[in-house]
Amino acid sequence: MPGAPETALNSLALLNSSRRTPSVVWLTGIPGLESNLAWVSIPFCAIYLISLLGNSIILLVIKTDQSLHNPMYIFLSMLAITDLGLSISTMPTILGVFWFNARRISFTACFTQLFFIHSFSLMESSVLLAMAFDRVVAIRNPLRYAAILTMPRIRKMGLAFVARAVALIFPLPFLLRRHRYCCINLLFHSYCLHQEVMKLACSDITVNTIYGMFVIFSTVGLDSLLILFSYVVILKTVLDIASQRDRHKTLGTCGSHISAVLLFYTPMIGLTVIHRFGKDSPLFVRVFMGYVYLLVPPLMNPIVYSVKTKQIRDKIIQIFLKWNTKTRSFCS
C-alpha cells in the first residue's frame, strides 16, 4: 500500500510527541472558586501587604535601636528575613493567578520557586531552633549569656542555617527534572511545592519520596524534637525558681517564641501528614492547609512579637507617634 509507510511515520511521530515532556505547569488557584478569584484576591493581597509591612517594621526597629542589638533580637531579625523571603517567593504566582489569570508557569520557574519556598522554610525552622537555644541560655545561664552567644558565633549560626537549607533542597529540582511528565500538568495550588510537583510525573518517584522524607525528618522533625527538649529544660529550670512571680516572668519571655513555633510547625506537619498519608482527604483540606502553611507564619509572627514583646511594641509606637507628629506639622 503506497501510503502505509507515510502513515506509519506519522503515527510514530505522534507517539513520540505524546511522550515528550511538556514545558509548562498549570496552576489552579483555589478549586471551585475560579469564577470568584477577583474577590478572593482581596484577603490574599491584604495578607501579603501586612506580612511585608510587619516584617519590614520589625527589621527597621531592630536595626535603628542599639538597645535591641542583642542575640534575642538578632534571631528575631533572622526570622523576619525568612518570613519576607517566604512571602516574596510565593507572591508572584499567587497574585498572578488571582489578578491576571496567569495560570501557566514553566517547569524551570516552577522548580526555582519550590527551591526558594522549601529553602526559606528550612531556614525558618533553624531560626526557631536557635531562638529556643537562646531562651535556654538566657534562663539557665544568664550570667554567661553574652559570653556564649557572641556576635561572631551568631553570624556563623546564620550561615550554617543557609548552608543546611540550600544543601538539602538543592537536589530537589534536579531529581524532579529527570522525570517524564504527563500531557496535562495541573497543580491544585497557585504555587509549586515538591510534594505536589513530583505527583505529576509519569515515571517512578520513589527516590523523590524517600529523599523528601529524609529532608523532613532530618530538619523539621529533628528541629521540633530539639525545641521540645529545650522547653523541657526551661520548664525544669523555672520550676526550681522559688518565687511564683519570677516563674511567670521568666516563662513570659518565651510566650512569643512558643506562638511562633506553633504557627510554623502545626500547619507544616499537618500538610506533610496529609500529603504522605491522607490521600483520601478532601481536596479543599489539602489546598487550605497549603495556604495556611505559607501565609500564616509571615503574617502572624510580626504581630505576635509586636504585641508580646514590650521593647518592640514601645519602639513601634514611638515610630508611629513621630510619623503622626510630622504628618500633622506638614499638613498645618
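1. A search of the whole structure finds one cavity of 30 Å³ or more, where a cavity is a set of points on a 1 Å grid over the protein atoms alone at which a 1.4 Å probe fits but cannot get out. The largest cavity has a volume of about 220 Å³, a volume being the space filled by probe spheres set on the points, which are joined across faces, edges and corners. This is a predicted model, in which local features need pLDDT of at least 70 and side-chain atom pairs count only at pLDDT 80 or more, while totals for chains, interfaces and linings use all residues. Residues are numbered from 1 along each chain as its sequence is written, and side-chain values use heavy atoms, with hydrogens and water left out.

2. Which residues are closest to the centre of the largest cavity? Of the 16 residues that line the largest cavity, they are His118, Gln195, Gly212, Ile216 and Arg276, lining residues being those with an atom within 4 Å of a point. Helices H4 (107-140), H8 (194-197), H9 (206-239) and H11 (255-277) each supply at least two residues of the lining, and H11 gives the most, with five residues; helices here are DSSP runs (H or I) of at least four residues, and strands (E) of at least two, numbered from the N terminus.

3. By class, the lining of the largest cavity has nine nonpolar, six polar and one charged residues. In this scheme Ala, Val, Leu, Ile, Met, Phe, Trp, Tyr, Cys and Pro count as nonpolar, Asp, Glu, Lys and Arg as charged, and the others, Gly among them, as polar.

4. The whole structure has three salt bridges, each defined by a side-chain nitrogen of Lys or Arg within 4 Å of a carboxyl oxygen of Asp or Glu. One of them joins Asp223 and Arg164, with the closest N and O atoms 2.6 Å apart. Asp223 lies in helix H9 and Arg164 in helix H6 (residues 151-169), so the pair ties together parts that are 59 residues apart in sequence. Asp223 is buried at 1% relative accessible area, whereas Arg164, at 25%, is partly exposed; buried means under 20%, exposed over 50% and partly exposed in between, with a 1.4 Å probe and protein chains only.

5. Asp134 and Arg135 also meet in a salt bridge, at 2.9 Å from N to O, and here Asp134 is buried with a relative accessible area of 2%, while Arg135 counts as buried at 8%. In the bridge between Asp314 and Lys310 (2.8 Å, N to O), both residues lie in helix H13 (residues 310-331), four residues apart, about one turn of the helix. Asp314 is partly exposed at 28% relative accessibility, and Lys310 is exposed at 51%.

6. Twelve aromatic pairs are found in the whole structure, that is, rings of Phe, Tyr and Trp (its six-membered ring) whose centres lie within 6.5 Å, with planes under 30 degrees apart called stacked, over 60 edge-to-face and the rest tilted. Phe44 and Tyr291 form an edge-to-face pair, 5.1 Å centre to centre with 75° between the planes. Phe44 lies in helix H2 (residues 37-64) and Tyr291 in helix H12 (residues 283-308), so this pair ties together parts 247 residues apart in sequence; both Phe44 and Tyr291 are buried.

7. Ring pairs also link Phe115, Phe116, Phe120, Phe170 and Phe174 into a cluster.

Definitions and conventions: 1 Å grid on protein atoms, 1.4 Å probe; cavity = no way out; pocket = protein on both sides within 12 Å on 5 of 7 lines; lining within 4 Å.
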